[in-house]
Amino acid sequence: MEIVDLIWGILEKPTSIGGGLIIEIMLFIMPIWTAFIVGLVVGWLWKPNWWNKNNFDNVISKIVDFSAPSSPCKGFSSISQSLASFNMNFSNCKVEDDIKSNDGAAFSFGDSSCSSSSKLKSKEHSPVNDSDLIHLHKIVEEKDGGPSWIPMMDRSTPTMNYRAWRRDPETGPPQYRSSTIYEDVTPEMLRDFFWDDEFRPKWDNMLIHHETLEESRDTGTMIVQWTRKFPFFCSDREYIIGRRIWESGRTFYCVTKGIPNTVPRKDKPRRVDLYYSSWCIRPVESKRGTGQITACEILLFHHEDMGIPWEIAKLGVRQGMWGAVKKIDPGLRAYQKMRASGEPLSASASMAHITTKVNPQYLKSLTNEDDRSTIELSPPEKKKQNGVNVPKILVFGGAVALACSLDRGLLTKAVIFGVARKLGRIGGRL
């Protein structure tokens with residue numbers, strides 16, 4: 001009741017009506033926000049190792065939600081917008097620092113700039129990001145913890161050697177792995193060949209439609225729409241695919257996967273949501289026994305849920321696998337001749353030249369289970385628990401210091417501690 005009486009006493013004062021009331025409110029509200037913004041900046045620069053920058057995003061969004069409805073003056077909405085803008089720009093500027101590993105190796109991202117001219121430019125908004133690279137690298141090195149691969153096929157031609165494996169995870173469709181070694185081809189040519197949607201229908205008769213929906217000239221990320229023709233007893237299938245290429249020396253990690261999207265669905269063709277088809281392209285020694293690095297290997301990892309019973313799908317894949325693979329080699333040789341004749345690159349093939357450079361030593365460190373990189377999908381649970389009380393201590397400690405340093409009376413101190421309790425609850429939920 002004492003606080004209510006104090007508020008009523010302020011309202012009864014002649015100076016508290018109109019502009020006087022606003023001035024009184026601003027005198028004790030603005031120091032709180034000034035101290036809080038300074039605290040955010042200092043806290044971010046001084047952040048401990050366990051702090052995930054997503055926590056910073058959550059704090060900002062919750063504070064904006066808290067402040068906007070109860071703003072006593074128009075200035076509060078502009079402060080909220082400024083905080084949101086500051087958060088976005090500050091996070092983008094920290095991308096390259098947050099990517100570094102403990103041993104000093106780092107990604108070199110083309111999207112580490114603070115400007116944002118493309119929707120797909122920033123790491124946070126990219127549908128294909130560094131976590132996809134890490135996953136692909138681990139399955140290439142057989143360090144992903146999945147079941148063992150079962151041999152399926154081992155075939156060859158004078159210019160190509162092909163081997164294939166399958167494994168059945170506990171959940172999800174069957175997964176396939178293949179190794180194809182092509183003679184007399186470079187990794188760069190093979191990269192362009194598989195990325196070239198305009199040329200692809202000449203050797204892949206299942207692709208009947210392709211369209212680029214969105215692309216980033218900074219990272220090379222693309223969102224494409226494919227329609228593939230299935231056998232007569234199945235309807236055609238539609239895919240919305242995100243794809244991107246990382247480059248490590250002369251090895252290329254090419255990720256293509258189905259992504260969430262807002263493209264309207266149709267009855268036909270049927271949309272395939274679960275789709276993963278990624279590969280690693282690298283130079284290898286020729287199988288002809290010359291000892292020369294004149295061949296190139298492509299390791300492909302593929303699985304998708306086509307809406308067909310998995311056992312039937314496995315039978316169909318096994319029966320049609322070699323026939324489909326044999327068509328690729330003549331298509332590749334035709335593509336080499338076309339490029340040698342000076343034919344300009346297609347739009348999709350030119351995007352394959354925009355890659356993200358990766359330190360090879362960093363990728364090697366990923367195979368060591370004891371290596372702890374700062375690129376983590378989520379921090380360890382124990383450290384999350386340790387981090388719960390720290391924001392509360394900082395918030396309440398700052399509130400006490402601010403309340404003791406301002407001589408504004410009991411009402412001012414009550415407002416300060418009320419805001420501190422609100423922020424403490426926000427910190428406790430992080």
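Modeller: In this predicted model, Asp168 is partly exposed, with a relative accessible area of 35%. Its salt-bridge partner is Lys314, and the closest N and O atoms of the two are 3.6 Å apart. Asp168 sits in the loop between β3 (160–167) and β4 (175–183), whereas Lys314 belongs to helix α8 (residues 310–340), so the pair ties together parts that are 146 residues apart in sequence. Lys314 has a relative accessibility of 14% and therefore counts as buried, the limit being under 20%.

A second pair to consider is Glu238 and Arg271, which form a salt bridge with their closest N and O atoms 2.5 Å apart. This pair, too, links distant parts of the chain: Glu238 is in strand β7 (residues 237–248) and Arg271 in strand β9 (residues 270–271), 33 residues apart. Glu238 counts as buried at 6% relative accessibility, and Arg271 is likewise buried, with a relative accessible area of 10%.

Arg191 and Asp192 provide a further case: their side chains meet in a salt bridge at 3.0 Å, N to O. Both of these residues are buried.

The pairs described here are among the 18 salt bridges that the structure holds.

How values were computed:
Residues are numbered from 1 along each chain as its sequence is written. This is a predicted model: local features need pLDDT of at least 70, side-chain atom pairs count only at pLDDT 80 or more; totals for chains, interfaces and linings use all residues. Side-chain values use heavy atoms; hydrogens and water are left out. A salt bridge is a side-chain nitrogen of Lys or Arg within 4 Å of a carboxyl oxygen of Asp or Glu. Helices (H or I, at least four residues) and strands (E, at least two) are DSSP runs, numbered from the N terminus. Buried means under 20% relative accessible area, exposed over 50%, partly exposed in between (1.4 Å probe, protein chains only).
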